[in-house]
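Please look over the protein shown below.

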Amino acid sequence: MKFTLQQLRLGQVVEARVVEVLGSGAFIVSFSGDLIRVANHTGRPFQGGESIQLKVTGLRPLSFSYLALSRTKRVI
C-alpha cells in the first residue's frame, strides 16, 4: 500500500529519500513514492539518494524539522 501524505500526524517522525537536489536551495524527497518539494533552511547540503528523518511540525501548510543527532533544524 502506498504511503500518502494526507495520513501524516503532528509530531510523527518519517523517513524520506532525497530524489533530486534543486539549485534553488530546495530538494525533492520521496515518501515511499509520494514526492514533495522541500525548502532547505538547514544550511546542510543534501545529496540525491540520501535517506533523511523528518519530524512533522505542521499540517496546513505541511512542514517538517530535520532530525540529526538529537538536534532539529527547520527544513520547511
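A residue is called buried when its relative accessible area is under 20%, exposed when that area is over 50%, and partly exposed in between, using a 1.4 Å probe and protein chains only. The model is a predicted one, in which local features need pLDDT of at least 70 and side-chain atom pairs count only at pLDDT 80 or more, while totals for chains, interfaces and linings use all residues. Residues are numbered from 1 along each chain as its sequence is written, and side-chain values use heavy atoms, with hydrogens and water left out.

Start with the overall layout. The protein has six strands and zero helices, giving the pattern β-β-β-β-β-β along the sequence. Both kinds of element are DSSP runs numbered from the N terminus: helices are H or I with at least four residues, strands are E with at least two. Of the 76 residues, 36% count as buried. The accessible surface comes to about 4,800 Å², and 51% of it belongs to carbon and sulfur atoms; such areas come from the Shrake-Rupley method with a 1.4 Å probe, and for residues only the protein chains shown count as cover. A contact means heavy atoms within 4.5 Å. Among contacts with a separation of 6 or more, 47% are between residues 24 or more positions apart.

Next comes the interior. A nonpolar core is a set of buried Ala, Val, Leu, Ile, Met, Phe, Trp, Tyr and Cys residues joined through side-chain atoms within 4.5 Å. The largest one here has 15 residues, and those with the most contacts inside it are Phe27, Val29, Phe31, Ile52, Leu54 and Phe64. Strands E1, E2, E3, E4 and E5 each give two or more residues to this core.

Now turn to the rings. Rings of Phe, Tyr and Trp (its six-membered ring) pair if their centres lie within 6.5 Å; planes under 30 degrees apart count as stacked, over 60 as edge-to-face and the rest as tilted. The structure holds three aromatic pairs. Phe31 and Phe64 form a stacked pair, 5.6 Å centre to centre with 25° between the planes. This pair links distant parts of the chain, with Phe31 in strand E2 (residues 26-31) and Phe64 in strand E5 (residues 62-68), 33 residues apart. Phe31 counts as buried because its relative accessibility is 1%, and Phe64 counts as buried because its value is 0%.

Phe46 and Tyr66 form an edge-to-face pair, 5.2 Å centre to centre with 90° between the planes. Phe46 lies in the loop between strand E3 (34-39) and strand E4 (51-59), while Tyr66 is in strand E5, 20 residues apart. Both Phe46 and Tyr66 are buried. Ring pairs link Phe27, Phe46 and Tyr66 into a cluster.

Charged side chains come next. A salt bridge is a side-chain nitrogen of Lys or Arg within 4 Å of a carboxyl oxygen of Asp or Glu. The structure holds one, in which the side chains of Glu50 and Arg44 meet at 2.5 Å, N to O. Arg44 counts as partly exposed because its relative accessible area is 27%.

Finally, consider Gln12, which sits in the segment before strand E1 (13-21). Gln12 counts as buried because its relative accessibility is 18%. A polar atom of the Gln12 side chain lies 2.9 Å from the backbone nitrogen of Arg9. Leaving aside residues up to four places away in sequence, Gln12 touches Gln7, Leu54, Lys55 and Val56. Thr57, in strand E4, is 45 residues from Gln12 in sequence and 8.3 Å away in space, C-alpha to C-alpha.

Terms used. Polar contact = N/O pair within 3.5 Å; in protein donor to acceptor, adjacent residues only side chain to side chain.
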